[in-house]
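This briefing covers the chain shown here, with attention to its surface patches, its fold elements and the confidence of the coordinates. Please read it beside the sequence and structure.

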Amino acid sequence: MENDKDFHYTYSAKEQEEIRAIQRKYDPRRPEENKLEQIRRLDRSVGRPGKILALVQGFIGVLVFGGGMSLVMVWEKMVSGILVGLAGIAILVLIYPIKNAIDKKRRAEFAPAILQLTEELKK
């Protein structure tokens with residue numbers, strides 16, 4: 001009779017996979033990732049620093065450019081406002097080349113590991 005009062009529930013396959021994914025994030029004894037997951041993780045980590053720097057640089061560039069506009073429009077400081085605005089534009093223009101240089105350097109660093117894993121998966 002005691003067994004009749006116990007309640008057991010099994011999760012669906014989709015829920016089981018979600019539970020395992022959450023468990024893997026927090027388990028300090030992280031089970032060995034499969035090779036495809038390693039490639040995906042490495043590929044994501046290649047572009048992350050460049051994206052973060054581009055966002056920060058863009059935010060700073062827009063603030064500097066806006067400061068220059070404010071100097072011209074609010075305080076009527078034409079020369080200093082134009083110089084500050086041009087500095088903001090220069091910061092914004094340099095986002096793309098700097099991001100590409102960082103991505104290129106990171107790709108060169110991670111290329112051997114990624115290529116080795118892809119060759120192992122092809123076999």
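On the surface, Lys51 gathers with Arg40, Arg44 and Arg48 in a patch of positive charge.

**Nonpolar surface**
- A nonpolar patch on the surface, with about 1200 Å² of accessible area together, is formed by Phe65, Met69, Met73, Val74, Trp75, Met78, Val79, Ile82, Leu83, Leu86, Ile89 and Val93.
- Helices α3 and α4 each contribute at least two residues to the nonpolar patch, and the largest share, seven residues, is supplied by α4.
- Valine 93, one of the residues of that patch, belongs to helix α4 and is classed as exposed because its relative accessible area is 55%.

**Fold and burial**
- The chain contains five helices and zero strands, so that, read from the N terminus on, its elements follow the order α-α-α-α-α.
- Of the 123 residues in the chain, 19% are buried.

**Confidence**
- The chain has a mean pLDDT of 88, with 89% of its residues reaching 70 or more.
- Among the elements of the chain, the highest mean pLDDT (98) belongs to helix α4 (residues 78-93), whereas the lowest (62) belongs to helix α1 (residues 2-5).
- Where pLDDT is low, predicted coordinates should not be read in detail.

Definitions and conventions:
Residues numbered from 1 in each chain as written. Predicted model: local features only at pLDDT ≥ 70, side-chain atom pairs only at ≥ 80, totals over all residues. Heavy atoms only, no water. Patch = residues over 30% accessible without salt bridge, like charges linked within 9 Å, V, L, I, M, F, W, Y side chains within 5 Å. Areas by Shrake-Rupley, 256 points an atom, 1.4 Å probe, with all protein chains shown as cover. Salt bridge = Lys/Arg side-chain N within 4 Å of Asp/Glu carboxyl O. Lys, Arg positive; Asp, Glu negative; His and termini not counted. Charge placed at Lys NZ, Arg CZ, Asp CG, Glu CD. pLDDT = per-residue confidence, 0-100. Helix = DSSP H or I, 4+ residues; strand = E, 2+ residues; numbered from the N terminus. Buried < 20%, exposed > 50% of the residue type's maximum accessible area, 1.4 Å probe, protein only.
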